[in-house]
Structures are given as structure tokens and as C-alpha cells.
Amino acid sequence: MQNPWQNPWQNPADPALQTFEAALDARAQAMADACTRCGKCVEVCPVTGAGGLTSQELENPAAVIGGIINIVRTGDGNDPARKWASACILSGECIKACDYGVNPRFLLHMARVKLARAAEPAVQRKNGVDGFRKVAREVTQLSRIQLDDALLERLGQGTKRNPPRQEPPDFVFYTGCIELKTPHIALLALDIMDALGVTYEVMGGPTHCCGVVQMRAGDVATSGRVAEGTLDKLSHSKSGQVVSWCPSCQVQFAETTLPTIEKTRGAKPFEMTPFTLFIRNKLDRLRPLLHEAVPMRIALHRHPGIHGVVEAAQEILRAVPGIEIVDLHQPAVGLQANSIRVLPAYRRQLQERELEAAAAAGVDALVAVYHSDHRELCAHERDWPFRIMNMYEIVGLSMGLHRDDRFKRLKKMQDADAILADCRELIEAHGLDIETTRAAIVAMLDEQPAPLRDALS
């Protein structure tokens with residue numbers, strides 16, 4: 001039988017084939033129909049209060065989820081539903097609570113998209129284009145002030161055309177876009193896969209966009225075209241598996257794009273697995289490589305949005321000799337730090353309390369899984385008596401692997417001119433425009449939800 005993915009448009013007259021927009025809307029409507037409006041998803045959500053829902057509104061959770069269904073169906077819903085949709089930080093607790101196989105997180109996402117689509121199509125397109133261009137500029141500038149050409153090539157961001165492989169790799173490693181702002185983390189991930197004997201091809205960056213920025217702007221058609229182009233590029237591994245780094249890309253593909261593509265093309269091109277789950281599944285092969293003791297008391301910065309990732313991270317870290325994990329008894333919410341940006345005061349409060357708890361516990365390091373957590377937390381290292389690290393830096397220490405965290409070193413400077421001077425050689429080598437680079441650096445410094453201590457004085 002012919003693989004429908006390899007020739008997806010073999011029968012364009014087939015009435016079963018739909019556009020991406022139509023298929024996505026059909027999925028959303030079917031999910032809305034399956035919802036019983038029991039309200040359990042509202043009851044377990046950790047941010048209804050932070051999102052502005054009153055105690056009176058929360059007395060009727062069925063009305064809140066009913067309002068979400070109405071938004072998905074018609075674009076018009078009640079005020080509590082609008083507040084809840086706007087406050088979603090993708091924690092995923094709602095998915096666990098549903099007894100009927102409904103994904104409330106997907107419904108909330110579709111409600112937000114529906115609300116965004118109330119704008120004129122030209123406004124949707126402009127917002128999507130502007131958002132994508134901002135991401136692309138910042139990723140390009142910040143990665144190039146940290147990496148030379150060889151390392152950019154290693155992360156799939158160079159200009160050379162690599163010769164075709166003799167055979168497909170075991171996996172495609174998909175960085176997403178924004179992970180490239182903190183490239184030392186991605187490089188460590190590749191070093192670990194090399195040590196495990198895994199073959200892979202690296203893809204990511206703005207030329208391999210997941211389409212989430214355009215989707216958030218309500219421009220579903222462009223999001224679908226962008227995502228389909230990326231899926232075509234990613235679908236070339238031997239195992240039919242893509243290992244993802246970015247949790248936003250993981251959720252966008254696994255919950256929105258891949259199931260929709262399955263409707264339009266008749267098959268999924270691959271399955272996508274988060275990197276930390278991938279490594280946990282290879283822990284028996286990893287353990288013998290963890291030969292150096294790392295005597296540290298650490299606390300894990302936790303986000304449970306992708307089921308099993310926090311538990312997998314703990315299991316991996318506990319396999320490192322000398323590591324002791326301390327529970328700070330702080331809330332674990334959201335998909336990643338960046339997802340909580342919709343609730344800025346709540347995000348600041350979470351981070352400030354966690355920093356204080358880490359200091360009180362006397363840990364050696366506060367350790368994050370994801371790149372956005374590292375970006376937001378790392379500059380605090382200069383103000384607190386512990387390090388801010390990524391979990392794969394810990395794993396790397398035990399394996400004898402190291403990558404300089406230039407992002408943290410630069411951000412701790414807190415001075416755009418000093419950073420420009422420090423990176424002058426790479427700026428000149430890559431032919432970067434100074435003002436564009438400066439703007440990316442300023443954006444990097446502005447990404448500081450919990451202010452540094454000198455900013456409070």
C-alpha cells in the first residue's frame with residue numbers, strides 16, 4: 001500500500017480531504033460536542049483565581065466550560081469563559097481531570113484562536129507576520145552573538161548545504177525556534193545523543209517554524225501552511241520519530257497540527273517525543289556514562305504541562321551520582337515559564353517565592369528543564385547564593401561534557417553596550433547590523449519577570 005504521507009495529494013478530488021482550516025474547525029467542533037460540561041476541568045485549573053475569575057463565577061464551573069464551548073462554536077461566550085481562556089498557561093491539569101477523553105486545553109486554545117479571529121483578516125495576518133519576524137530577528141541575533149559558524153552548522157543554522165545522507169538518521173532532533181537563544185542547552189542535548197550512539201539530523205529555527213505564532217494571531221491558514229512545510233521537512237527519520245526540545249512546539253504539533261494533518265492527508269508523518277522523555281527511555285544506556293560524581297543539593301524548577309516530563313527529569317537527575325533533589329514545596333504550574341506571561345503578576349510572584357525558598361533550603365543550584373525558564377531565571381544567579389542551571393548541564397558534568405553558558409554570562413551584565421562590546425568579534429564575523437542586534441539584546445534584558453535586586457533599590 002502506498003504511504004499517504006509520501007504522496008499526500010495523490011487524490012485531490014477525494015472528498016475526504018479537507019483544508020487545514022476546515023479540518024481544524026471540524027476537530028474543535030467534534031471536541032466541543034464530546035464535552036459533557038461537567039466543569040471538572042475548571043475546578044482543577046490552578047490559575048482561575050489568578051486569571052480573574054471570581055468566587056461567585058467559580059461556583060458554577062459548568063457555566064464556565066459551557067462558555068468556552070460557545071466561543072469555539074460561535075465566537076461568543078460569557079465573560080468568565082473569556083477570562084479563563086485568556087488566563088490559560090497550559091498546565092494540563094484539565095486533561096487529567098476529564099473522564100470522557102476530551103482535551104480541555106485544546107478547547108481553550110481553540111477558544112483563544114476564535115477570539116483572535118474576531119479581528120479583520122488583514123490584522124490577523126499582520127499580527128502573525130509581526131510576531132514571527134520578532135521571533136526570527138531575536139533568535140538570529142542572539143544565537144549569532146554566542147556561536148561561531150561551526151556551532152551554528154551543528155545546530156542546523158548554517159549556510160552550507162550538507163551532502164545527502166547515505167541512509168536516514170534514527171531520529172530528527174527538532175529544536176524549535178526560541179531554544180536557539182540558549183544554544184548551550186541544545187548543544188549538550190546533541191552531545192548526550194552522540195554519547196548514546198544515536199544518529200540524528202538537527203532541524204529548527206525560523207525556517208522550521210511550528211506555526212504557533214500565526215495560530216495565536218488567528219491566522220489559521222498561514223499557520224497551517226507553515227506547519228505543513230515544517231512537517232514535510234521533519235518526516236525523514238528511519239524510526240518515524242521526531243525528538244522535540246521546545247514544549248510549546250510539542251503541544252502545538254501533538255495537540256493541534258499532527259491530528260489535523262491526519263485528517264487532511266490520511267496519516268501522521270511521525271510521532272513526536274519530548275527530549276527528556278526520550279532520554280528517560282534510554283536511561284539504562286545512559287547510567288554507565290554517568291561516571292563522575294556531582295555532589296550537589298539541587299531544587300528542580302517544575303512545569304507539568306507535558307505529562308511525565310517532571311517525573312522523567314527527576315529520574316534522570318537521581319541517576320547522577322552525588323545529586324540530592326530538595327523539594328521546595330512550591331507550586332508546579334504551566335507548560336514553561338514563557339507560558340505564564342499572560343499572568344505577569346502571578347509569574348513574578350511564583351519566581352520570587354521560589355528563589356526565596358531555594359535560598360532558605362540552602363541548595364547549590366536551582367535547576368530548570370526548559371530554555372524559557374533558564375532565560376528568565378539565569379540572571380538571578382548574581383544575586384542569590386546558588387547557581388541557576390539547566391538539568392542537562394548536571395548530566396553533562398557527570399559525563400565529562402561541558403558547554404559554556406554564554407547566554408547567562410551576557411544577561412548577568414545587564415548592560416546592552418557592554419554586551420555589544422563583548423560580542424564584537426562575532427557581530428563582525430557574522431555581519432550583523434548593530435542596531436538590530438542591540439534591539440535583540442534589549443529584549444533579552446527586558447525578559448525579567450522577577451526584577452533583579454538592584455532594580456528594586
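Reader: How do the residues of the lining of the largest cavity divide into nonpolar, polar and charged?

Author: The lining has 9 nonpolar, 2 polar and 2 charged residues. Here Ala, Val, Leu, Ile, Met, Phe, Trp, Tyr, Cys and Pro count as nonpolar, Asp, Glu, Lys and Arg as charged, and the others, Gly among them, as polar. Please note that this is a predicted model, in which local features need pLDDT of at least 70 and side-chain atom pairs count only at pLDDT 80 or more, while totals for chains, interfaces and linings use all residues. Residues are numbered from 1 along each chain as its sequence is written, and side-chain values use heavy atoms, with hydrogens and water left out.

Reader: What is the volume of the largest cavity, and which residues lie nearest its centre?

Author: Its volume is about 110 Å³. Of the 13 lining residues, Cys45, Cys88, Ser91, Gly92 and Cys94 lie nearest the centre. Helix H6 (93-97) and helix H7 (104-116) are the elements that give two or more residues to this lining. A cavity is a set of points on a 1 Å grid over the protein atoms alone where a 1.4 Å probe fits but cannot get out, and lining residues have an atom within 4 Å of a point. Grid points are joined across faces, edges and corners, and the volume is the space filled by probe spheres set on the points. Helices (H or I, at least four residues) and strands (E, at least two) are DSSP runs, numbered from the N terminus.

Reader: How many cavities of 30 Å³ or more are there?

Author: The structure holds 3 of them. The second largest cavity has about 90 Å³ of space, and its lining includes Cys35, Cys38, Cys41 and Cys98. That lining divides into 8 nonpolar, 2 polar and 2 charged residues.

Reader: Changing topic: what is the order of strands in the sheet with E1?

Author: This open sheet has 4 strands in the order E2-E1-E3-E4, with parallel pairing; two strands pair if DSSP finds at least two bridges between them. Strand E2 (200-203) and strand E4 (271-274) each have a single partner strand, so one side of each is left without a neighbour in the sheet. From one strand to the next, the twist averages 30°.

Reader: Which residue in E3 is the bridge partner of Val172?

Author: The partner is Val242. Strand E1 (residues 171-174) and strand E3 (residues 241-244) pair in the parallel sense over 3 bridges.

Reader: Which strands does helix H12 touch?

Author: Helix H12 (residues 220-234) packs on the sheet and touches E1, E2, E3 and E4, where contact means heavy atoms within 4.5 Å. Its direction makes about 140° with that of E1. Axes are lines fitted to C-alpha atoms, for helices over the stretch in contact, and angles run from 0 to 180 degrees between N-to-C directions.

Reader: And what is the order of the strands in the sheet with E5?

Author: In that open sheet, 4 strands follow the order E6-E5-E7-E8, and the pairing is parallel. The edge strands are E6 (323-325) and E8 (387-390), each pairing on one side only. Met296 stands opposite Ile323 in E6.

Key. On a 1 Å grid over the protein atoms alone, a cavity is a set of points where a 1.4 Å probe fits but cannot get out, and a pocket is an open set with protein on both sides within 12 Å along at least five of seven lines; lining residues have an atom within 4 Å of a point.
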